[in-house]
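Let's look at a protein together and ask how we know what we say about it. Have the structure open as you read.

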Amino acid sequence: MVAKLPHRFRRSFPFSLALVTAVAMVAAASGASAAPCLIFVHGKQTNTDTFTSWTSARNYWKDGSKDFVKTATKNFATSYYVVGYDGTNAYWGTQAAGEVANEIVTATNGGADGGGNHCALSYAQGGTFWVIAHSMGGTIMDYVLGNNDASDPNFNAVGPFDQVAQRISLAITMGGAHRGSQGADAVCGDSSGFCNFVAAFIQSCDTATYWLRSADDVQVRTYSNAPARSIYLTGGYEAIFGASVCLSGEDDGIVQHASQYACNGSATTGYNNSNVCGNSSKQESVGFLNLDVAHENHDDERDDNDSDTRRQVPSGIWTCGGSPCAPNTVVQSSMTSARLVSVLY
Amino acid sequence: MRRANRQRIAIAGAGLAVVLAGWVWWVFSAADPTTAIASVPQGTVAPARTEGAPPPAGLPPPVDALGPDPARVARRVVPELPPSLGALAAEEYRRRARFPEWSEPLAAEDEDPILRDRAVSRVSSRGRNGEDPALTVYPARISFEAPEAVVLHAYLAVNDRPVPVLALRGTLLTEDLLPLAEFDYADDGSGGDAVAGDDVYTATLLLSPDLTPELSASYLVKVRAFTTSEEERLAATSFQYASPHSHLTGRYRDRMVDGSLAVDAEVEVHREGRFHLEATLYTRDGGAKLSRAQTAGVLPPGVHWMTLPFYGLALRERGIDGPYLLRFVALSTTTAMPNAKNRLVENAMVTRAYPASSFTDRSFDDPDLLEAADRIERDDMPAGLDAEG
């Protein structure tokens, strides 16, 4: 015996399906023209390859066939631009913040990156732009967006920060070193032998590492104001065996929660997913806003390699039944940070 | 038809109806525009409960098996994203646009932004397997102004409680990791050490003139400690040593300008450069924060006034009449990085009495932020499902 739908369903279901399909097609079509252009800013490097070779900068976002850029741009349906800068430079340096700022302006002018990719619409044509930054890329964006006004301490110090702030709509950081990295502390303090992954990842106390420590005289907040555009924060909590011994509270193996979530107070305070700082307790009064946290390590955050659990954090973006989900609630069982970016626009 | 057969058919039919009802509910709940637009693919949605926690006792079976009972459907909470991150940003920009970038209101519960930026983070390092005691190192302040002494602290601790140390020695290095000097920490209650014998050690360094930078420098301090059981601990911190190119003279004046409070601070510039000045304004008794303002500019050598513009709307909305206290004032030389920070000035001056109602009630309407919001909203579309989902 074959079950049959009641007549009203037989009649209305195809219509409903057609309607939903039509709406989805319209939405997809409008998305192709209205989606923001994504501008990718990589993290710290142990050499200058990403500055001298665009392919190296592009590969930063890949792990084999896994590709953050591909996923975040919905299989390249959204236009994008990949920035490459000297990841061994101090975040405030000409070849770091300066290069990033200049490349963002190039992108918003409709210029192409080293791979020929360019934004679908320039700023003059009405385009919108999101910066997607990982690790030290987050620190650089803090510096650029926090020094965009003539009243800021380092206004346009090494690049057109005012134009960047004017032209981008927002930034998203994954594992951002907003308050430095205790991994960098360990390397520069000679205690990284206690956390081998950190030593392998960061390698040496070079200029970039020196300026990514937790000590406050090198912190970006010491040299910038609140960001002129909102910086949305996501991070990882997949500890790395050995490495996380050097880090306080939850971390992604390189950057502790206090830093990934731009918390005020001590950069080395230990937080977990339930008590990490909310939007009212950031390193600046405004401009830093939480998204969520993923069970990803520092590498996973930027290479789309680990589709894993995502959880709510205080002031996080996920809602449950119309209200903010409780901190540490599992909000997704399998979603990479790249995929998260793709569903935010 | 025999009764037993009729019963079997009835049971099968009822079961089928339940399954069908569940399926119909699932299809139509997914198409609900209030949830589907912002939801991620159904197949990836996890139940909204804390991972690792056992399911509550008596947890009902999955909704799909129960049919569209409204009471049960209500329990199925699907975590959702907002319709658009861009829309959230636009909303935030419209809120922020009420005040200029150079002056923000401070709520009573806010941390003072100047103190916040000068708070000291302590760096800690444990043993190879994360064992105690941990070595914690930090400077007394983030920045020292030449030629004042540099004060550094260090201690070993178990559960944050300092414990005895066998030896504690520091090395001072340049940013390029060139060693400059070695020194011992002491716990004798002298030279910046607050309490003798409390197991919190202190080193006080007087840097020689050749280590005084032209503007500012970061110095690294590597610390090596040995526990009483002769285990080694290593950690590092750093501090800024600065020779600012200007100083506050201590003269201030205040006035009303276009419905806002302008506070002038006199600075003496020793060498041409760019200077940044910021301050926080409190109620007369220092009990409540009101506003922060900043300014910056290039100045030649000589004596100049720098004007801190406290946007009037923040004061009007708080409804507290003056006089006001200029609580913290921070001057920096920002000609180059790292900027040189002067010592913080506290309780710098008290303004004249201004009625709160005399300040402007106009929103600043920051054109950059409003344009950013407009542009996002013109461009915006609902986020969520794409071709894959």
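Q: What joins Cys320(A) to Cys325(A)?
A: A disulfide joins them. Keep in mind that this is a predicted model. The sulfur atoms of Cys320(A) and Cys325(A) are 2.0 Å apart, and a disulfide needs them within 2.5 Å, so the pair counts as one.

Q: Why is the disulfide of Cys320(A) and Cys325(A) called right-handed?
A: The torsion about its S-S bond is about 95 degrees, so the disulfide is right-handed.

Q: Why is the disulfide of Cys37(A) and Cys119(A) called left-handed?
A: Here the torsion about the S-S bond is about -65 degrees, and therefore the link is left-handed. Cys37(A) sits in strand 1, while Cys119(A) is in the loop between helix 5 and strand 5, 82 residues apart.

Q: How do you know whether Cys37(A) is buried or exposed?
A: Buried means under 20% relative accessible area. Cys37(A) has 2%, so Cys37(A) is buried.

Q: What makes Cys205(A) count as buried?
A: Its relative accessibility is 14%, and the cut-off is under 20%, so Cys205(A) is buried. Its disulfide partner is Cys188(A), which is also buried, at 1%. Cys188(A) lies in helix 8 and Cys205(A) in the loop between helix 9 and helix 10, so the pair ties together parts that are 17 residues apart in sequence.

Q: How many disulfides are there over all chains?
A: The count comes to 4.

Technical notes: Residues are numbered from 1 along each chain as its sequence is written. Chains are lettered from A and ligands numbered from 1 in the order in which they are written. This is a predicted model: local features need pLDDT of at least 70, side-chain atom pairs count only at pLDDT 80 or more; totals for chains, interfaces and linings use all residues. Side-chain values use heavy atoms; hydrogens and water are left out. Helices (H or I, at least four residues) and strands (E, at least two) are DSSP runs, numbered from the N terminus. Buried means under 20% relative accessible area, exposed over 50%, partly exposed in between (1.4 Å probe, protein chains only).
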